[in-house]
Amino acid sequence: MAKVVKIALAGEGGQGVQSVAEIIAEAANEEGKEAIYIPNFGVEQRGGVSIAFIQISDEPIGSPKFEKGDIVVALSDRAIRRTRQYVGENTIFVYDSSIEGVEQDLPTNAKKILAIPALEIAKKELHPRVFNVVIMGAVLEATGVVTMEQAKKAIEKKLGYKFEKDPKLRELNYKAIDRGASLVREQ
């Protein structure tokens, strides 16, 4: 990786964007890369828009803030509107295709827009609780910032205590990350 990869993840509080960002940053650190993760949310952690900013590089990262992301992910209609400012001509913009009525709000200056049916896939094939892990798989496939193997190790580190109580959760999360990656490959 020759440059810094800048990622912005946004969704409603409770959708797990902060957890996903933390796992991605952890995976990058474990691969020996530099990683900065900055959470941004209002006073209400559930019900408000939550944005996670991540930067990953092989070299030291200069500033924790950035103006335009390499990939910007929005998981709600309000998140789409809030993240438009981070989209530039080199940005891949990803949003959940189940969000209705946002056609006019989608950024017009993005390099590429990917509508991913993450929520639908999670509900029909997996479980709604792993919706955010499907998105994480999509982000990792689109950016290549860390390997899927390292991401799974980071998921294990963050959620291992839950996996011990219910081993089926491990398989569910691993399927979700792989399914998210396949959604990007299909596009």
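Q: Which residue of E4 is the bridge partner of Leu 9?
A: In this predicted model, strand E1 covers residues 5–12 and strand E4 covers residues 71–74, and the two strands run parallel, joined by four bridges. Strands of a sheet pair through backbone hydrogen bonds, either parallel or antiparallel. Within E4, the residue that partners Leu 9 in a bridge is Val 73.

Q: What is the order of the strands in the open sheet of six strands?
A: The pairing in this open sheet is mixed, and neighbouring strands are turned against each other by 15° on average, with direction ignored. Strand E2 (34–41) and strand E6 (112–116) each have a single partner strand and stand at the edges, so one side of each is left without a neighbour in the sheet.

Q: At about what angle to E4 does H4 run?
A: Helix H4 is made of residues 131–143, and this helix lies across E1, E4, strand E5 (92–96) and E6. Taken against E4, the direction of H4 is at about 165°.

Q: How many residues of the contact of H3 with H4 are nonpolar?
A: H3 passes H4 in a right-handed crossing, and the residues that make the contact are Ala 118, Leu 119 and Ala 122 of H3 together with Phe 131, Val 134 and Ile 135 of H4. Divided by class, this contact holds no polar and no charged residues, and the number of nonpolar ones is six.

Q: Which residues of H5 make the contact with H4?
A: H4 and H5 pack at an angle of about 150°, their axes being 11 Å apart, and their crossing is right-handed. By class, the contact has six nonpolar, one polar and one charged residues. On the side of H4 it is made by Val 133, Met 136, Gly 137, Leu 140 and Glu 141, and on the side of H5 by Met 148, Ala 151 and Ile 155.

Q: Which residues of H1 make the contact with H4?
A: The axes of H1 and H4 lie 10 Å apart at an angle of about 40°, and that makes H1 oblique to H4, with H1 passing H4 in a right-handed crossing. H4 contributes Asn 132, Met 136, Val 139 and Leu 140 to this contact, while H1 contributes Val 20, Ile 23 and Ile 24.

Q: With which residue does Glu 30 form a salt bridge?
A: Side chains of opposite charge can pair when their charged atoms come close. For the salt bridge of Glu 30, the closest N and O atoms are 3.9 Å apart, which lies within the cut-off of 4 Å. The pair links distant parts of the chain, 127 residues apart, with Glu 30 in helix H1 (residues 17–30) and its partner in helix H5 (residues 148–165). That partner is Lys 157.

Conventions. Residues are numbered from 1 along each chain as its sequence is written. This is a predicted model: local features need pLDDT of at least 70, side-chain atom pairs count only at pLDDT 80 or more; totals for chains, interfaces and linings use all residues. Side-chain values use heavy atoms; hydrogens and water are left out. Axes are lines fitted to C-alpha atoms, for helices over the stretch in contact, and angles run from 0 to 180 degrees between N-to-C directions. A crossing is left-handed if the near helix is turned anticlockwise from the far one by less than a right angle, and right-handed if clockwise. Contact means heavy atoms within 4.5 Å. Ala, Val, Leu, Ile, Met, Phe, Trp, Tyr, Cys and Pro count as nonpolar, Asp, Glu, Lys and Arg as charged, and the others, Gly among them, as polar. Two strands pair if DSSP finds at least two bridges between them. A salt bridge is a side-chain nitrogen of Lys or Arg within 4 Å of a carboxyl oxygen of Asp or Glu. Angles under 35 degrees count as roughly parallel, over 145 as roughly antiparallel, 65 to 115 as roughly perpendicular and the rest as oblique.
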